[in-house]
Amino acid sequence: MPPNTEPAARFAAEALVRPQTGLLDATTSLHHFAIVSYAVDPAVLAALLPEGFEPEVRHLDDGRAVAFVSAVPFLDVDFRAHFAPFYKVRMGQTNYRAYVTHQGRRAVWFFGTTLSGFWIWVPRKLWRLPWHPAAIAIEASYADERCTDYEMTAVSEWGAAQLSMTGTNRAMGRLDGFADEEDTAVVLTHPLAGFYQRLDGSLGSYSVWHDRLELRHAEVSTARFEVFERLGLIDADTRPHSALVQQETEFTIFLPPTRVHTASP
């Protein structure tokens with residue numbers, strides 16, 4: 001097996017310490033949190049990224065060089081700003097992201113997000129985030145910590161999606177293309193900085209924090225994500241590289257997002 005292009009990723013000490021937050025930041029409990037990943041052609045992904053961003057290239061056990069993208073669906077059950085913790089919002093959400101490097105650091109590139117409910121218009125209008133309205137339904141059942149059944153549908157003009165899977169008792173461990181469990185976790189499950197193209201065409205960035213996730217493998221019966229198909233990253237019949245699920249976790253979102261100022265040529 002050819003070596004990967006970078007040493008195995010390791011958690012930085014500060015990445016696992018809860019940072020201080022401000023009144024404008026928000027916290028949310030995420031239920032039915034899933035990460036469905038695809039191994040894609042690095043050249044195809046590179047052509048979709050702006051200048052200064054590169055796919056993080058890995059080698060699968062069969063020797064193929066690949067990059068990774070993930071669809072991340074979940075249910076926000078109590079999204080709340082710190083200045084008004086008593087006001088809580090419930091909404092379905094799916095993030096579409098690619099794993100990249102920017103200025104020598106790991107990050108994710110967000111192609112966009114689908115979100116259900118009225119609050120989609122706040123990030124779109126206030127911060128010009130590439131978030132798109134959708135009718136999202138997520139239903140899952142659990143036996144202890146094992147997900148026995150997971151169903152997600154998203155109806156959206158920007159990108160419909162359908163996901164059906166069954167959880168297992170297997171912890172994430174090492175996934176194909178990674179050196180070990182920690183390498184897998186740092187790259188696929190713990191990106192804290194994200195970049196995106198704002199609706200006005202400029203670049204934006206925002207960051208989050210969450211504790212180390214405790215994901216388990218899931219067996220996929222149906223997975224369709226029109227966003228990735230439209231971008232040419234996968235075909236309709238492409239099988240996911242991996243599917244992971246966790247019943248509940250908590251994220252902190254640092255607000256407001258920032259505009260990224262690129263250097264003049």
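How many helices and strands are there in the chain? Colour by secondary structure: the chain holds 4 helices and 14 strands. Both are DSSP runs numbered from the N terminus, helices being H or I with at least four residues and strands E with at least two.

The model is predicted: local features need pLDDT of at least 70 and side-chain atom pairs pLDDT 80 or more, while totals for chains, interfaces and linings use all residues. Numbering starts from 1 along each chain as its sequence is written, and side-chain values use heavy atoms, without hydrogens and water.

**Whole chain**

Zoom out. The C-alpha trace spans about 55 × 50 × 40 Å along its principal axes.

Now look inside. Of the 265 residues, 54% count as buried (under 20% relative accessible area, 1.4 Å probe, protein chains only). Among contacts (heavy atoms within 4.5 Å) with a separation of 6 or more, 69% join residues 24 or more positions apart.

**Thr 249**

Select residues 242-260. This is strand β14, and Thr 249 is found in it. Is Thr 249 buried or exposed? Thr 249 is buried, with a relative accessible area of 12%.

Next, show its partners. Beyond its neighbours within four places in sequence, Thr 249 contacts Thr 28, Ser 29, Leu 30, Phe 33 and Leu 213.

Note on methods. Buried < 20%, exposed > 50% of the residue type's maximum accessible area, 1.4 Å probe, protein only.
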